[in-house]
Structures are given as C-alpha cells and as structure tokens.
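Me: Can you walk me through this one? I want strands, rings and the pocket.

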Amino acid sequence: MSDAHDFDFFHGSWHVEHRKLRRRLVRCDEWDEFSGTVTCWPATAGFGNVDDNWLDDPSGAYGALAMRAFDPADGVWSIWWLDQRSPQDLDPPVVGRFADGVGTFETPDTFEGRPILVRFRWLDTATAHPRWEQAFSPDDGITWEANWHMRFRR
C-alpha cells in the first residue's frame, strides 16, 4: 500500500547514470549514456517532494524539476516533469502507487503527434542504487518500449 513516505528513500543528493534511447518508437537500438546529478527534498508538509536535476545530455545539457504529490484519499502519487528545454510545458502527471517494492506510474500522452501511454517505474528503492525507467506504449499498454534508464548512487 502506498503512503506519503514512499519516496523518503530518495531525499538527499545523488549522482545519476543515464541511459537514453536516441530515437523512440522506431525500433532504434542506439543509446546515449551520460551523467547527471539530482537533489530531492520533502515538500507540502511531507505529502510530496521536489527534485532538482542536472543532465549532461550529449544533445545539450539542461536542468529539470520533478514534482511529486501524494493523495492520501486515493493512495496514489502524481508526478510532473518540467525542464528548461521547454519551460512553458509541464508534462501531464503520471499517476500510480508502490506495490511489492515497485512504483508504477502511468498517463496518456502524445509523442510526435500520436497517442501513447507513458510509464515511470521505480525499482530497487530499498538498495543503495535505486533505479528509474521510462517506457512508452503506442498500443494502449500491450507492448512497452523502455527508452530511458537512470541509476542513482550517493
């Protein structure tokens, strides 16, 4: 069962190893690997948190924010992403919860003009090296293409 402490493991500063697919939903198998940093802190009286990211992406380094809010009535988290490449565009929130140590969050969105589902997954959150992955589904969740992985270390 999810609760407002699900992301407590992430508070503090981290080094990030990114692995991002160069092109999405075109059967690409070329990946860019790069580093970054993130610092996360609690917000909204403990019912949320914010993290400040720096990504040394080979296509151009940039800063970004992730904002998370827990709804105790429904037991779900909403997660938003905002980055300086498009500061006027706040991505639609992925919504979900933790079960059996895995956080799964999804939302409908569009990619290059076509409808997709976006999924974030948090894995290994009880270890010294938690992981995050993003995947897109062009077929309403029948198949998923993982297109971005992050591995964190203190």
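The chat below goes through the strands, the aromatic pairs and the pocket.

Me: What kind of model is it, predicted or experimental?

Reply: The model is predicted.

Me: Start with strand pairing. How do E1 and E2 pair?

Reply: Strand E1 (residues 12-21) and strand E2 (residues 31-43) are antiparallel, with 10 bridges. In that pairing, Ser13 stands opposite Thr39 in E2.

Me: And how many bridges are there between E1 and E10?

Reply: There are 6 bridges, and E1 and E10 run antiparallel. His15 faces Arg153 in E10, standing opposite that residue.

Me: Now E5. Is strand E5 largely enclosed or open?

Reply: Largely enclosed by the rest of the structure, because 6 of the 8 residues of strand E5 (residues 76-83) are buried.

Me: Which way does E4 run against E5?

Reply: Antiparallel. Strand E4 (residues 62-71) is joined to E5 by 8 bridges. Asp71 stands opposite Val76 in E5.

Me: What does the hairpin of E4 and E5 look like?

Reply: That hairpin has 4 residues between the strands. Gly75 takes a positive phi there, near 70°.

Me: How many bridges join E5 to E6?

Reply: E5 and strand E6 (residues 94-99) share 3 bridges and run antiparallel. Trp77 stands opposite Gly96 in E6.

Me: Switching to rings. How many aromatic pairs are in the whole structure?

Reply: The search finds 18 aromatic pairs. Take Phe98 and Phe105: the ring centres are 5.7 Å apart and the planes are at 75°, so this pair is edge-to-face.

Me: Are Phe98 and Phe105 buried or exposed?

Reply: Phe98 is buried, and Phe105 is buried too.

Me: What about the rings of Trp132 and Trp148?

Reply: Their centres lie 5.8 Å apart and their planes are at 85°, so that pair is edge-to-face. The pair links distant parts of the chain, 16 residues apart. Trp132 is in strand E9 (residues 131-137) and Trp148 is in strand E10 (residues 145-153).

Me: Why does Trp132 count as buried?

Reply: The cut-off is under 20% relative accessible area. Trp132 has 8% relative accessibility, so this residue counts as buried. Trp148 has 6%, so Trp148 counts as buried as well.

Me: Which residues do ring pairs link into a cluster?

Reply: The cluster holds Phe7, Phe9, Phe10, Trp14, Phe70, Trp77, Phe98, Phe105, Trp122 and Phe152.

Me: Cysteines next. How many disulfides does the count come to?

Reply: The count comes to 0 disulfides. A disulfide needs two cysteine sulfur atoms within 2.5 Å. Cys28 is buried at 11% relative accessible area. Cys40 is buried at 3%.

Me: Last topic, the largest pocket. What volume does it have?

Reply: The largest pocket has a volume of about 740 Å³.

Me: Which residues lie nearest its centre?

Reply: Arg24, Trp81, Asp91, Gln134 and Trp148 lie nearest the centre, out of 35 lining residues.

Me: Which strand gives the most to that lining?

Reply: E5 gives the most, with 5 residues. Strands that each supply at least two lining residues include E3 (48-55), E7 (102-111) and E8 (114-123). E4, E9 and E10 are also among them.

Technical notes
Residues are numbered from 1 along each chain as its sequence is written. This is a predicted model: local features need pLDDT of at least 70, side-chain atom pairs count only at pLDDT 80 or more; totals for chains, interfaces and linings use all residues. Side-chain values use heavy atoms; hydrogens and water are left out. Buried means under 20% relative accessible area, exposed over 50%, partly exposed in between (1.4 Å probe, protein chains only). Two strands pair if DSSP finds at least two bridges between them. Rings of Phe, Tyr and Trp (its six-membered ring) pair if their centres lie within 6.5 Å; planes under 30 degrees apart count as stacked, over 60 as edge-to-face and the rest as tilted. On a 1 Å grid over the protein atoms alone, a cavity is a set of points where a 1.4 Å probe fits but cannot get out, and a pocket is an open set with protein on both sides within 12 Å along at least five of seven lines; lining residues have an atom within 4 Å of a point. Grid points are joined across faces, edges and corners, and a volume is the space filled by probe spheres set on the points.
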